[in-house]
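Me: I have a new model open and would like to walk through it with you. Could you take my questions one at a time?

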Amino acid sequence: MLLKYSFQKVLNIIERPIIVLLYHRVADIGFDPQLLSVSINNFREQLLFIKNNYEIFRFEDDYVKRNQPAIIITFDDGYADNYQNALPILEELEIPATFFITTGMIDSDREFWWDDLERLILIPLELPPKIELEIKGEQHIWDLSINNSNITDKAWNVLSKYEPSFR
C-alpha cells in the first residue's frame with residue numbers, strides 16, 4: 001500500500017493532476033440525509049481556498065498548459081439554488097464552473113423523483129397505509145400499516161452505519 005501511495009504521489013508531481021469537484025446543491029438546508037448540499041458560507045470559503053491555491057480551469061479548456069494541480073468545478077442536476085446561491089458567488093470571485101442541467105424539469109414545479117422519495121421515506125410525516133409502484137411493468141407494493149411511525153432520526157445520513165427507522 002505504501003508503494004502504491006508513493007508512486008501516486010510521484011505521478012501527481014510529474015503529471016499535475018486535474019481534480020473535478022462535483023457539487024449538487026449550495027443551500028442552507030437543515031435536513032440533508034443524502035449529503036448533497038454545502039452551505040452558502042462553506043461554499044464561499046471553499047472557493048476562496050481553491051482560488052488562492054489552485055489553477056481553475058473550465059471544462060473545455062486546454063489542460064496541457066497548466067503549472068500546478070488544477071481544479072474544475074461542476075454542478076449536477078441544475079437545482080434552483082445553483083442559480084440563486086452558487087452563481088452569484090462564482091461571478092463575484094470570477095471563478096468558472098460547468099452546470100449540467102436536467103432539462104426535463106425546466107418550467108416545472110415538480111422536484112426530482114429522488115427528492116420526493118427522500119421526503120417520503122426520511123422526513124417525519126404520516127405515511128399512507130401502502131405504497132404501490134409500477135417499475136418496468138412489474139407491480140411493487142409495500143404495506144406500511146404494520147408500523148406507520150413518523151419518527152425518524154434527523155442526524156441520519158447515507159454514511160451512517162444504522163437504519164434511521166422502520167422506513
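Me: Is Ala 27 buried or exposed?
Reply: Ala 27 counts as buried because its relative accessibility is 11%, where buried means under 20% relative accessible area, exposed means over 50%, and partly exposed lies in between, with a 1.4 Å probe and protein chains only. This is a predicted model, in which local features need pLDDT of at least 70 and side-chain atom pairs count only at pLDDT 80 or more, while totals for chains, interfaces and linings use all residues. Residues are numbered from 1 along each chain as its sequence is written, and side-chain values use heavy atoms, with hydrogens and water left out.

Me: Where is Ala 27 found?
Reply: Ala 27 is in the loop between strand S2 (25–26) and strand S3 (37–38); helices (H or I, at least four residues) and strands (E, at least two) are DSSP runs, numbered from the N terminus.

Me: And what does Ala 27 touch?
Reply: Leaving aside residues up to four places away in sequence, Ala 27 touches Ser 37, Val 38, Ser 39, Ile 40, Asp 81 and Asn 85, a contact being heavy atoms within 4.5 Å. The C-alpha atoms of Ala 27 and Val 38 are separated by 6.2 Å, although these residues are 11 apart along the chain.

Me: Let's zoom out. How many helices and strands are there?
Reply: The protein chain has four helices and eight strands, and from the N terminus on its elements run α-β-β-β-α-β-β-α-β-α-β-β. Of its 167 residues, 27% count as buried, and among contacts with a separation of 6 or more, 53% come from residues 24 or more positions apart.

Me: Which residues of helix H4 are buried?
Reply: In helix H4 (residues 113–122), the buried residues are Asp 115, Glu 118 and Leu 122. They lie on the same side of H4, because they cover an arc of only 65 degrees around the axis, the arc being that of the directions from the helix axis to the C-beta atoms.

Me: Why would residues three or four places apart point the same way in an α-helix?
Reply: An α-helix has 3.6 residues a turn, so residues with that spacing point the same way.

Me: Now the surface: which residues form a nonpolar patch?
Reply: Val 20, Phe 59 and Phe 100 form a nonpolar patch on the surface, and together they have about 260 Å² of accessible area. Val 20, in strand S1 (residues 18–23), counts as partly exposed because its relative accessibility is 44%.

Me: Which residues other than glycine have a positive phi?
Reply: Glu 94 is one of them, with phi near 55 degrees, and Lys 136 is another, with phi near 50 degrees. Glu 94 is found in the loop between helix H3 (80–92) and strand S6 (98–99), whereas Lys 136 is in the loop between strand S7 (130–135) and strand S8 (138–143).

Me: Are those two buried or exposed?
Reply: Glu 94 counts as exposed because its relative accessibility is 68%, and Lys 136 counts as exposed because its value is 86%.

Methods: Patch = residues over 30% accessible without salt bridge, like charges linked within 9 Å, V, L, I, M, F, W, Y side chains within 5 Å. Areas by Shrake-Rupley, 256 points an atom, 1.4 Å probe, with all protein chains shown as cover. Salt bridge = Lys/Arg side-chain N within 4 Å of Asp/Glu carboxyl O.
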